[in-house]
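Please walk through this model from its overall make-up down to single residues.

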Amino acid sequence: LGHNGVGKSTFIRALVEAQAGGDEHIRLSPQTVLGYYDQELDEIRGDERIVDFAVRRTAGDEQAVRHALIHAGFPYTTHDKPVGVLSGGERARVLFRILSLDSPNFLVMDEPTNHIDIEGKEALEAQLLASDATLLITSHDRRFLTNVAERYLWVRDGSLVEVHDPEA
């Protein structure tokens, strides 16, 4: 938790860079399988076909990816569409489904509810609650946080402070 501009997204990017070996000040266990959801959905842009993006982004084979896309509401006939024509909600659904294929044990999500409707939020909540992954989430959506979070860390004066009630 924290006000805009206090460094929540910067901290998350540092964790992601540390997993890739790019930040020597943060160490993650070698057993960490990190999944990352970028609030801007920057990685899902351009002319790349949906299926090609998904196959490149996950460890799953093409058949598993196509099955997952169909399960996420993308009929087979849409798999050749470029990712750049997808709405924000559709791009979010593609990324969530890809993340689930990789079965991360540490899921880092920066504002995951920004581009999804209420039905999508409820589906995401159910998916996260069913997951065994540790979650690190930044969000301005209090209802979402109340439903999925067990602990709250507040970025205050450059430090992380645990709080028991996000409303406080």
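The paragraphs below take up the overall build, the sheet, the cores, the hairpin and a few loop residues.

This is a predicted model, in which local features need pLDDT of at least 70 and side-chain atom pairs count only at pLDDT 80 or more, while totals for chains, interfaces and linings use all residues. Residues are numbered from 1 along each chain as its sequence is written, and side-chain values use heavy atoms, with hydrogens and water left out.

The protein contains six helices and five strands; these are DSSP runs numbered from the N terminus, with helices being H or I of at least four residues and strands E of at least two. Read from the N terminus, the order of elements is α-β-α-α-α-β-α-β-α-β-β. The radius of gyration is 16 Å, close to the 15 Å given by the globule rule for 168 residues, so the protein is as compact as a globular protein of that length. That radius is taken over C-alpha atoms, and the rule is 2.2 Å times the number of residues to the power 0.38. Along the principal axes, the C-alpha atoms fill a box of roughly 50 × 35 × 30 Å.

Of the 168 residues, 40% are buried, where buried means under 20% relative accessible area, exposed means over 50%, and partly exposed lies in between (1.4 Å probe, protein chains only). The protein exposes about 9,800 Å², of which carbon and sulfur atoms supply 49%; accessible areas come from the Shrake-Rupley method with a 1.4 Å probe, and for residues only the protein chains shown count as cover. Among contacts (heavy atoms within 4.5 Å) between residues at least 6 apart in sequence, 62% join residues at least 24 apart.

Next comes the sheet. Three strands form an open sheet in the order E1-E2-E3, with parallel pairing; two strands pair if DSSP finds at least two bridges between them. Strand E1 (34-37) and strand E3 (134-138) stand at the edges with a single partner strand each, so one side of each has no neighbour in the sheet. From one strand to the next the twist averages 10 degrees. E1 is joined to the parallel strand E2 (residues 106-110) by four bridges. Leucine 34 is placed opposite phenylalanine 106 in E2, and glycine 35 opposite leucine 107. E1 is covered on both faces, with Leu34 and Tyr36 buried on one side and Gly35 and Tyr37 buried on the other. Helix H1 (residues 8-19) lies across E1, E2 and E3 and runs at about 145 degrees to E1. Here axes are lines fitted to C-alpha atoms, for helices over the stretch in contact, and angles run from 0 to 180 degrees between N-to-C directions.

In soluble globular proteins, nonpolar side chains tend to be buried together. The largest nonpolar core here has 30 residues, and Val94, Met109 and Leu128 have the most contacts inside it. Such a core is a set of buried Ala, Val, Leu, Ile, Met, Phe, Trp, Tyr and Cys residues joined through side-chain atoms within 4.5 Å. Two or more residues each come from helix H2 (50-57), helix H3 (62-71), helix H4 (88-102), E2, helix H5 (118-130) and helix H6 (142-148). H4 contributes the most, with six residues. Leaving out residues up to four places away in sequence, valine 94 touches Ile50, Phe53, Leu69, Phe74 and Leu86. Another core, of six residues, lies apart from the largest one and includes Ile12, Leu15, Phe106 and Val108.

The remaining strands, E4 (residues 152-156) and E5 (residues 159-163), pair in the antiparallel sense over five bridges. They form a hairpin with two residues between them, and serine 159 in E5 is the bridge partner of arginine 156.

What is the phi of aspartate 157, which is not a glycine? Aspartate 157 has a positive phi of about 55 degrees and is exposed, with a relative accessible area of 77%. Glutamate 111, in the loop between E2 and H5, also has a positive phi of about 55 degrees without being a glycine, but glutamate 111 counts as buried at 5% relative accessibility.

Valine 83 belongs to the loop between H3 and H4 and is buried, with a relative accessible area of 1%. Beyond residues up to four places away in sequence, valine 83 touches Ile44, Arg45, Gly46, Glu48, Arg49, Ile50, Phe53 and Arg91.
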